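Have the sequence and the 3D view at hand as you read.

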Amino acid sequence: MRVLLIGANGYIGRFVADRLLADPAVQLTALGRGDDADVRFDLATGSPGALTRFLDAVHPGVVINCAGAIRGGARELTRHNTVAVATVCEALRRSGCGARLVQIGCSAEYGPSQPGSSTAEDAVPRPGGPYGVSKLAATELVLGSGLDAVVLRVFSPAGPGTPAGSPLGRLAEAMRRAMQSGDGELKLGGLGAQRDFVDVRDVARAVHAASLSAAQGVINIGSGRAVRLRDAAAVLARVAGYGGALHELDAPPGPLRGTIGHPRPDSDHAAPVAYPYPDGCGSWQQADVRTARDRLGWRPRINLEESLADIWMEAACRI
């Protein structure tokens, strides 16, 4: 099976590439903006015609799109998350390869959920920020394309390679600094949010399964269990051997600046985020993962403690 992987150097894409390379039945070609891609192509600026010519030459049976942006303004997010997917869809429609498309979506497309509830694929999406809006627009393009396509809505990925700017990455970095300086207290903010964490290696397994299946539409990929960031911090402290006290700072009434869940601004003059929760998902998200079980035969295997141990191992190497 010939597979074209877009975004192989990204957080999820790297693990998808490893998973596919371990399958002797897969012939993998990586397309991306970096020098180490098999083929250099920028979806945000490249034309559908150029991509069509490449598809006709390679003739993949599956195209997996892991590319996208998680930071930036609305214009940049739209270019990398929406316009890029429009290019992929149009190129596949023009091509004679007939490839199946596996698109990586995200839980930010749903927006806030009712605390205690599990979000199923038929929930009405109400993204609470420009990132979720740009990803939802991409999903709608895929679903309306007429292609053989599936969108995997990934909840909060965790595990090795977790970006330093993510909530768990920032938590690990804060703990590393506290241990390095011998601080007996660690004061953290923004720990009240509850998120559904799923290990990135389990996500890669889901992508592999989706590429082999006939499933279409939207499929949630998560653990099926919301975890409070405060509880994740306690597990990380145990894994790291941090014996100090964890104190949660009271959340300010406005945007959460300087908290674990808030991305670092690009400059001191960056405009404040207009949402109480930076990912636009409110205080609670939990996936209903029955569709992934029933249609992909997929279940998460790696628990959060193992994911956090791998995050800590990478952070500890910086001590």
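## Overall build

The radius of gyration is taken over C-alpha atoms, and the rule used for a globule is 2.2 Å times the number of residues to the power 0.38. With 319 residues, a compact globule would therefore have a value near 20 Å, and the chain, at 20 Å, agrees with that. Please keep in mind that this is a predicted model.

Along its principal axes, the C-alpha trace spans about 60 × 40 × 40 Å. How many helices and strands does the chain hold? The secondary structure comes to 9 helices and 12 strands. Of the contacts between residues at least 6 apart in sequence, 81% join residues at least 24 apart.

## Surface and charge

As for charge, the chain carries 34 positive and 32 negative side chains. The centres of these two sets lie 2 Å apart.

How many disulfides does the structure hold? The number is 0.

Cysteine 66 counts as buried because its relative accessibility is 14%. Cysteine 281 also has its closest cysteine sulfur in cysteine 106, here at 7.3 Å, so this pair is too far apart for a bond as well. With a relative accessibility of 2%, cysteine 281 counts as buried.

## Two loop residues

Histidine 59 sits in the loop between helix H2 (48-58) and strand S4 (62-65). Its phi is near 55°, a positive value in a residue other than glycine. For context, most residues other than glycine have a negative phi. Is histidine 59 buried or partly exposed? Histidine 59 has a relative accessible area of 41%, so it is partly exposed.

Glycine 165 is found in another stretch of the chain, the loop between strand S7 (156-158) and helix H5 (167-181). At 24% relative accessibility, glycine 165 counts as partly exposed. Glycine 165 and histidine 247 are 82 residues apart in sequence, and their C-alpha atoms are 21 Å apart in space.

## Helix residues and their partners

Phenylalanine 15 belongs to helix H1 (residues 11-21) and counts as buried because its relative accessibility is 16%. Which residues does phenylalanine 15 touch, not counting those up to four places away in sequence? They are Pro160, Val200, Arg201 and Ala204. Although phenylalanine 15 and aspartate 202 are 187 residues apart along the chain, 9.2 Å separates their C-alpha atoms.

Arginine 170 lies in helix H5. Its relative accessible area is 16%, so arginine 170 is buried. Arginine 170 is 145 residues from alanine 315 in sequence, while the two C-alpha atoms are 9.8 Å apart in space.

## Leucine 236

Where in the chain is leucine 236? It is part of helix H7 (residues 229-240). With 0% relative accessibility, leucine 236 counts as buried.

Leaving aside neighbours within four places in sequence, leucine 236 is in contact with Leu171, Ala172, Met175, Leu308 and Trp312.

How values were computed. Residues are numbered from 1 along each chain as its sequence is written. This is a predicted model: local features need pLDDT of at least 70, side-chain atom pairs count only at pLDDT 80 or more; totals for chains, interfaces and linings use all residues. Side-chain values use heavy atoms; hydrogens and water are left out. Helices (H or I, at least four residues) and strands (E, at least two) are DSSP runs, numbered from the N terminus. Contact means heavy atoms within 4.5 Å. Lys and Arg count as positive and Asp and Glu as negative; His and the chain ends are not counted. The place of a charge is taken as NZ of Lys, CZ of Arg, CG of Asp or CD of Glu. A disulfide is a pair of cysteine sulfur atoms within 2.5 Å. Buried means under 20% relative accessible area, exposed over 50%, partly exposed in between (1.4 Å probe, protein chains only).
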